[in-house]
Amino acid sequence: MNKALNEKFYREYMTFFEHAEKSRRWNLFTDIDWESVKAAPKNDSLALCAETFCGVEMYLPDYVEGHLDMFKDNFARSWFAANWGYEESKHGLTLREYLVRSGHRTDEQMHAYADRILSQRWKRPFPTARQMTAYGVVQEMTTFIIYKKQQQLCEQQGQDGLAGIYKLIAKDEMAHTRYYEIILGHYFDDDREGTLKDIAEVFYNFTMPAYELVPDYDSRVEVMRTAGIDRGVFLNEVWGPVFKKLKITRHDLPRSQRVQKALGSAAPQSTAA
Ligand SMILES: [Fe+2]
Ligand SMILES: [Fe+2]
């Protein structure tokens, strides 16, 4: 790892962490309107979505292990991974609490669900730190959009407590997106051609993490249409800002042989419902 990049990564982590500590932290026990959650009428479809997102967040041990394993020789990036893991852990935990406190699931059901989740393993989809950074930008941004859509749906359906939960989580996901975007920008300045290749690799081979691993995923697909990110949204709202930030278009991406094979699949396959 080159020294100049390393120093930039450290500076970015400190900026990220300072902002998180001063103005983004939230408390699962005191910042959520649990009374409103308990009082809201049951909504099985929103609950099934929440359970599915909760499941995706619960592959946390594999996500954290994947990151720490890749960055164990890099102070700033491994500290980011640890802090990021804390924030992601709160997402899964909060959705789990929502499902139980709202009366949609029992504690026993959630324990059984966690057992089924943790019996499967998520594997890191790309081998290098730079590719995983590009993947991080896209995955976090896609997640942000999904949670924002759920927030709006909840607001429309009078589920203000759950809407508040999604609002808090979405704020974290946007902060993660911004961090990865900045780090990717530093890689890009350091090695434009190499970074473009890595972005292309991710652009053509991206899938959302762990959705296919969530128990009974097939029976969730219909409900998950509410989280739908179609190809247009994916290109314009997820990749668009990344390209804009780097001052490139997708036509600047090189088409290696491997990339050509997957051409046309540039949408998050498991959320493209
Ligand atoms: Fe999350
Ligand atoms: Fe995130």
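Predicted model: local features only at pLDDT ≥ 70, side-chain atom pairs only at ≥ 80, totals over all residues.
Good morning. I begin with helix H3, where Leu46, Cys49, Ala50, Phe53 and Glu57 meet Leu162, Tyr166 and Glu173 of helix H8; contact here means heavy atoms within 4.5 Å. By class, this contact of H3 with H8 has six nonpolar, no polar and two charged residues. In that classification, Ala, Val, Leu, Ile, Met, Phe, Trp, Tyr, Cys and Pro count as nonpolar, Asp, Glu, Lys and Arg as charged, and the others, Gly among them, as polar.

Residues are numbered from 1 along each chain as its sequence is written, chains are lettered from A and ligands numbered from 1 in the order in which they are written, and side-chain values use heavy atoms, with hydrogens and water left out.

Helices (H or I, at least four residues) are DSSP runs, numbered from the N terminus, as are strands (E, at least two). Two packed helices are described by the angle between their axes and the distance between the axes. The axes are lines fitted to C-alpha atoms, for helices over the stretch in contact, and angles run from 0 to 180 degrees between N-to-C directions.

For H3 and H8, the axes come within 13 Å and cross at roughly 30°. H3 is therefore roughly parallel to H8. Angles under 35 degrees count as roughly parallel, over 145 as roughly antiparallel, 65 to 115 as roughly perpendicular and the rest as oblique.

How do H7 and H8 cross? Their axes come within 7 Å, at roughly 160°, so this pair is roughly antiparallel. The residues of their contact divide into 17 nonpolar, seven polar and eight charged.

H8 (residues 160–190) also packs with H11 (residues 231–246), at an angle of about 40° and with the axes 10 Å apart; these two are therefore oblique to each other. Glu181, Leu184, Gly185 and Phe188 in H8 meet Pro241, Val242, Lys245 and Leu246 in H11.

Glu57 lies in helix H3 (residues 44–57) and Glu88 in helix H5 (residues 75–101), so the pair ties together parts that are 31 residues apart in sequence.

The iron ion (ligand 2) is coordinated by Glu88 (OE), Glu140 (OE), Glu173 (OE) and His176 (ND1), at 1.9 to 2.3 Å. Glu88 bridges this ion and the iron ion (ligand 1), and the two ions lie 3.9 Å apart. Here Glu140 lies in helix H7 (residues 129–156) and His176 in helix H8, so this pair ties together parts that are 36 residues apart in sequence.

Why is the arrangement around the iron ion (ligand 2) irregular? The four donor atoms subtend angles of 91 to 143°. Four donors count as tetrahedral if all angles lie between 85 and 135 degrees; four count as square planar and six as octahedral if opposite donors are over 155 degrees apart and all others between 65 and 115; anything else is irregular. Thank you.

How values were computed: Donors = N, O, S within 2.8 Å, 3.2 Å for Na, K, Ca; no water.
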